[in-house]
Amino acid sequence: MPEDLYAVADFCLIPMGTAEPSVAGYIAECQRILEKSGLQYKMHGYGTNLEGPWSEVSKAIHDCHLAVHGQGAPRIATDIRIGTRTDREIAPGTGNEGKVKRVEEILAK
């Protein structure tokens, strides 16, 4: 068993108690943090897919919280889903992409 599991995650960080209803600026700051992390990520309309070693994924989400609090958000709620598997090897950076590709293959039949 590997020391650090490969994690395929989806998270939605929600700044709360901000002066404006738009949270785009806060999310942009989180995306800057993810870019610096070196992990594979992809933002979508209601969150971000993120993958890599479990400890690095967790640290990246932690660092997003720090950055968004640093932008002035007094509270943050984050929903996180993390999947791991040990029945086969997942090539780094292909976890989320592989899931989508498999469904597209089935639809193409």
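I started at Gly95, which touches Val8, Glu51 and Ile90 once I leave out residues up to four places away in sequence. For me, a contact means heavy atoms within 4.5 Å. Before going on, I noted that this is a predicted model, where local features need pLDDT of at least 70, side-chain atom pairs count only at pLDDT 80 or more, and totals for chains, interfaces and linings use all residues. Residues are numbered from 1 along each chain as its sequence is written, and side-chain values use heavy atoms, with hydrogens and water left out.

**Entry 1: more on Gly95**

I found Gly95 in helix α3 (residues 95-108). Helices here are DSSP runs of H or I with at least four residues, strands are runs of E with at least two, and both are numbered from the N terminus. Is Gly95 buried or exposed? Gly95 counts as buried because its relative accessibility is 7%. The cut-offs I use are under 20% relative accessible area for buried, over 50% for exposed, and partly exposed in between, with a 1.4 Å probe and protein chains only. I also looked up Tyr6, which is 89 residues from Gly95 in sequence but 9.0 Å from it in space, C-alpha to C-alpha.

**Entry 2: the whole protein**

I stepped back and counted 3 helices and 4 strands. Going from the N terminus, I read the elements as β-α-β-β-α-β-α. The C-alpha atoms fill a box of roughly 50 × 35 × 20 Å along the principal axes. Of the 109 residues, 30% are buried. Among contacts with a separation of 6 or more, 71% come from residues 24 or more positions apart.

In what order do the strands of the open sheet lie? I traced 4 strands as β2-β3-β1-β4, with antiparallel pairing. Two strands pair if DSSP finds at least two bridges between them. β2 and β4 are the edge strands, each pairing on one side only. From one strand to the next, the twist averages 20°. For angles, axes are lines fitted to C-alpha atoms (for helices, over the stretch in contact), and values run from 0 to 180 degrees between N-to-C directions.

I then followed strand β3 (residues 47-53). Since 5 of its 7 residues are buried, β3 is largely enclosed by the rest of the structure. On one pairing, 6 bridges tie β3 to strand β1 (residues 6-16), antiparallel. I checked two spots there: Phe11 has Thr48 in β3 as its bridge partner, and Val8 stands opposite Glu51 in β3. Val8 and Glu51 are also both touched by Gly95.

On the other pairing, 5 bridges link β3 to strand β2 (residues 40-44), again running antiparallel. His44 stands opposite Gly47 in β3, and a hairpin of 2 residues joins β2 to β3. I saw helix α1 (residues 24-37) lying across β1, β2 and β3, at about 150° to β1.

**Entry 3: Thr78**

I moved to strand β4 (residues 75-83), where Thr78 is found. Thr78 counts as partly exposed because its relative accessibility is 23%. Which residues does Thr78 touch, not counting those up to four places away in sequence? I listed Phe11, Cys12, Leu13, Ile14, Ile61 and His65. Ile61 is 17 residues from Thr78 in sequence and 9.0 Å from it in space, C-alpha to C-alpha. The side chains of Thr78 and His65 make a polar contact at 2.7 Å. A polar contact is a pair of N or O atoms within 3.5 Å; within protein, one must be able to donate a hydrogen and the other to accept it, and residues adjacent in sequence count only if both atoms are side-chain atoms.

**Entry 4: the cysteines**

How many disulfides are there in the whole structure? My search found 1, where a disulfide is a pair of cysteine sulfur atoms within 2.5 Å. Cys30 and Cys64 form it, with sulfur atoms 2.2 Å apart. The pair links distant parts of the chain, Cys30 in helix α1 and Cys64 in helix α2 (residues 54-70), 34 residues apart. The torsion about their S-S bond is about 80°, so the disulfide is right-handed. Both Cys30 and Cys64 are buried. Cys12 is in no disulfide, and the nearest cysteine sulfur, that of Cys30, is 10 Å away. With 22% relative accessibility, Cys12 counts as partly exposed.
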